[in-house]
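Today I opened a new model and followed the helices around. Here is my notebook page on what I looked up.

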Amino acid sequence: MDKEQKYIEVSQQVLAVTEGESSLIARMATVSCLLSEAFDDFFWTGFYLVDEAKGDELVVGPYQGSLGCLRIAFGRGVCGAAAAHGQTQVVDNVHDFPGHIACDSRSLSEIVVPVFTPAGKLIALLDVDSESVATFDEIDQRYLEQMMADVFARCTLGSD
Ligand code: SME
């Protein structure tokens, strides 16, 4: 099965499982699990949430993979850049990314997709890391951005 077909199937699965679920955390846990199960090269798959109390800091949320950094300042590393700019980051080799945070030295490429409320407020980031270089491309970006828009369409922080 090619990558696009896998994304189409896993996107339908995520929407079916999370339908009617109001918990943001339950939605994030489901996305992390199903994406990680669907793609063999997804080495770390999970979320960083905007820490409302601190405002300019991310705190780790549900994930699948090895131990992740607990907190990341806005502007630091790939996640911090995605948070600061509000734009998806696709990085072919993290060693070429200024200020990259090495939570696990096995991670070589990554994609980070911002999660917004329908009102446009940044609430979290989806971070997927791979042990190979250049795993992610515009296909991953397109399907993951669409999945984040669909899954978190009605969520706000504190909706648990
Ligand atoms: N790679 C990220 C840090 C988080 S982890 O890899 C789980 C970054 O540079 O933002």
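Which residues in α2 meet which residues in α4? I looked for contacts (heavy atoms within 4.5 Å) and found R27, V31 and L35 of α2 meeting L144, M147, M148 and V151 of α4.

A note on the ground rules: this is a predicted model, where local features need pLDDT of at least 70, side-chain atom pairs count only at pLDDT 80 or more, and totals for chains, interfaces and linings use all residues. Residues are numbered from 1 along each chain as its sequence is written, and side-chain values use heavy atoms, with hydrogens and water left out.

**Entry 1: α2 and α4.** I sorted that contact by class and got six nonpolar, no polar and one charged residues. (Ala, Val, Leu, Ile, Met, Phe, Trp, Tyr, Cys and Pro count as nonpolar, Asp, Glu, Lys and Arg as charged, and the others, Gly among them, as polar.) Helices here are DSSP runs of H or I, at least four residues, numbered from the N terminus. Next I checked the axes, which are lines fitted to C-alpha atoms over the stretch in contact, with angles from 0 to 180 degrees between N-to-C directions. Helix α2 (residues 24-38) comes within 11 Å of α4 and crosses at roughly 150°. That makes the two roughly antiparallel (over 145 degrees; roughly parallel is under 35).

**Entry 2: α1 and α4.** I found helix α1 (residues 3-18) packed on helix α4 (residues 138-151) at an angle of about 10°, axes 11 Å apart. So α1 is roughly parallel to α4. The α1 side of the contact includes Y7, V10 and V14, and the α4 side includes Y143, L144 and M147. By class I noted ten nonpolar, one polar and five charged residues.

**Entry 3: the rings.** I looked for aromatic pairs (ring centres of Phe, Tyr or Trp, its six-membered ring, within 6.5 Å) and the count came to seven. Y7 and Y143 are stacked (planes under 30 degrees apart), at 5.4 Å centre to centre and 5° between the planes. Y7 is in helix α1 and Y143 in helix α4, 136 residues apart. Are they buried or exposed? Y7 has 0% relative accessibility, so I wrote it down as buried (under 20% relative accessible area, 1.4 Å probe, protein chains only). Y143 is buried too, at 16%.

Definitions and conventions
Parallel < 35°, antiparallel > 145°, perpendicular 65-115°, else oblique. Phe/Tyr/Trp six-rings, centres within 6.5 Å; stacked < 30°, edge-to-face > 60°. Buried < 20%, exposed > 50% of the residue type's maximum accessible area, 1.4 Å probe, protein only.
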